[in-house]
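Welcome! Take a moment to look over the sequence and the 3D view, and then we can walk through them together.

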Amino acid sequence: MPCVADWLNNPFSIVQGIFAQNVPNSDWEKKVTEYFKEKLKENNATNWVPSLNDVPVHYLKPNSLVKFRCMVQDMFDPEFYMGVYETVDPNTNARVLHFGKYRDVAECGPQQEIDLNSSQTVTSERQTLYCVPVPGESAWVKEAYISASQARVSPSTSYTPSRHKRSYEEDEDMDLHPSKQKEQHMGSGGDIHGCVEPKRLETEASAGHHLISPNCSPPLDLNFPLPGEKGPACLVKVYESWDTFKVNDVLEVYGILSVDPVLSIVNNEERDSSALDPMECMDTAEEQRVHSPPASLVPRIHVILAQKLQHINPLLPACLNEEESKTFVSNFMSELSPVRAELLGFLTHALLGDSLAAEYLILHLISTVMSFQRSFESWTKYSRHTFKQSYARRDVLPLGKFTVNLSGCPRNSIFTEHIYRIIQQLVPASYRLQMTIENMNHSRFIPHKDYTANRLVSGVLQLASNTSLVVDETQLEQGQLDTTVTLLKRNSNCQVHVSISKGRFQELTSVHNVTALGNLITWQKVDYDFSYHQMEFPCNINVLITSEGRSLLPSDCQVHLQPQIIPPNMEEYMNSLLTAVLPSVLNKFRIYLSLLRLLDYSISDEVTKAVEEDFVEMRKNDPESITADDLHRTLLVARFLSLSAGQTTLSRERWLRAKQLEALRKARLQQQKCVNGNEL
């Protein structure tokens, strides 16, 4: 029986065994998948598999089993490869069948040649996904995954006895100077197809589509959406059900690692030969460079198993539908009340003693956009009479989003920076977008299609689902925007527009960036730029806006901060707040916020009728100030209040509490308006 070392360190031996036993039956591919699926179900087996998120590539053995937690940044065109091929020995005429699946190059033994005209050859198709680490993934998430790992790795030297493993820096130098790389691999006039290694032939049918960077090329752009991100980018080769994956999906993939340096050599030679006849190569040099980067910089993973992730919180079970996971959820829900109380106290201190703002921040952090089908079924249960007015737009409005504008924040203060640091400690993925003139004019928010390189160039707003985006408006200087930018949340075409007059904000990039932010907040979509048209990409991003006055951007709810304490040293105060929280308590906060996002929610017919009657009475008593938008917001507050207490249905008590919170919030805004005359 194969041991752990076999299926982890040498998965090809397992695949070869299954292939040999089942050829010419095509079921061998299904049996390979089933074999590894069963292996990974064993106790803690997933923790034995090394992760590219945690371990540098040069510490991983080539052709070993690895995993990668990632976001699909781009999808390349499908490619053809030799799924099954036959080799022949010219001397003995002996023929052997081989599998090409899970390989970048086809291998054959000494004195063997691939018979390209064999009737046994099977041409198959696979999809290549360009994947990057989850943008904005929190440090505590990375650390927790590393702590749970039981993988044993060490610098690999056994794979290439005639070659020395290079560092990342040396690999980049080889990318810029391919002649050095070629010299190292060929030696003094040696032939790469000589007797040093078995002959290799690239299996991809689209030969000539690979090109290593020429000497004058700039360093390879790994196309991370957020600035300053680190980690590997990978070309993930998917063989089954690739139509279920789409751009921005978060995946965990298990597959065979391919970092064969021969790919760069073969691609460089193909470029040299195709340069003689441009018709032999239909792709541009830039496209070849982007789609076939050096494997040492962008490794390949040939997927055996892949799954979409519900979440990336390592403190939660990966799938909440399993029986063991239900026990975990049940046990945690039994102690939910004290966890909520502690979290409310913690956030109240962080918000300088403002408990109302802390309540709304909790509701914001557990909010999530419901899917259309689920939204329609849940909300139309009480879409009658006056309710129809509130939910007439339910077919286009993303239900469940709860963008909060925390106004009253000190201008040019470190307060908002520390609020973001606290949010970073609570959620699995986040990003702080400082809304400065420099960023708005020069940052790339919207992903766009580069037709020369045939790739999707990332932007700041290409984020994974459930990412917390903190937009900091306090960085703007007084007078820079309040006379130049007017945001209209909606017009007759249901779009967010920006009216620009004089000033530095007239630049086209800033107009597009502000418009994109507005559309993200209002419609939970980002319109990717494909030059000749725009394509809508739905998203589920929690947006918190911090500002001094009312935000220039739209929001679902404005909460004006009323500090009860003014620390003499803000930085010292915030640092001591984080230091005082026990790690075990902090982990409970993290589980609490992630788990409540995943719970279902419903409203009984009885409560529906009571809420409807209550709303009718509210309209009678104050028809001018109570609108359909007020009803929609109060229902959202009631929803998240219920979930925050672990209740998956709305009760009369939570409805009344939601009305009370909304009354306090509105009274505070009215009071602020009376003080300084600002618009609510």
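## A first look at the chain

Of the 680 residues in this protein chain, 53% count as buried. Please keep in mind that the model is a predicted one. Its chain has 22 helices and 21 strands. The chain exposes about 30900 Å², and carbon and sulfur atoms supply 51% of that area. Among contacts with a separation of 6 or more, 79% are between residues 24 or more positions apart.

Now for the inside. In soluble globular proteins, nonpolar side chains tend to be buried together. Here, the largest nonpolar core has 71 residues, and F346 and L426 touch the most other members. Which residues does L426 touch, leaving aside those up to four places away in sequence? They are W140, L343, F346, L347, L365, L586, F589, R590 and L593. There is also a second, separate core of 28 residues, with L461, A516, L517 and C539 among its members.

Next, a pair of helices. The axes of helix 12 and helix 21 come within 9 Å of each other and cross at roughly 85 degrees. Angles of 65 to 115 degrees count as roughly perpendicular, so helix 12 is roughly perpendicular to helix 21. The table shows where the two helices lie and which residues make the contact.

| Helix | Span | Residues in the contact |
|---|---|---|
| helix 12 | residues 355–365 | E359, Y360, I362 and L363 |
| helix 21 | residues 628–644 | V637, F640, L641 and S644 |

By type, the residues of this contact divide into 6 nonpolar, 1 polar and 1 charged.

Conventions
Residues numbered from 1 in each chain as written. Predicted model: local features only at pLDDT ≥ 70, side-chain atom pairs only at ≥ 80, totals over all residues. Heavy atoms only, no water. Axes fitted to C-alpha atoms, helices over the stretch in contact; angles between N-to-C directions. Helix = DSSP H or I, 4+ residues; strand = E, 2+ residues; numbered from the N terminus. Parallel < 35°, antiparallel > 145°, perpendicular 65-115°, else oblique. Contact = heavy atoms within 4.5 Å. Nonpolar A, V, L, I, M, F, W, Y, C, P; charged D, E, K, R; others polar. Buried < 20%, exposed > 50% of the residue type's maximum accessible area, 1.4 Å probe, protein only. Areas by Shrake-Rupley, 256 points an atom, 1.4 Å probe, with all protein chains shown as cover. Core = buried A, V, L, I, M, F, W, Y, C linked by side-chain atoms within 4.5 Å.
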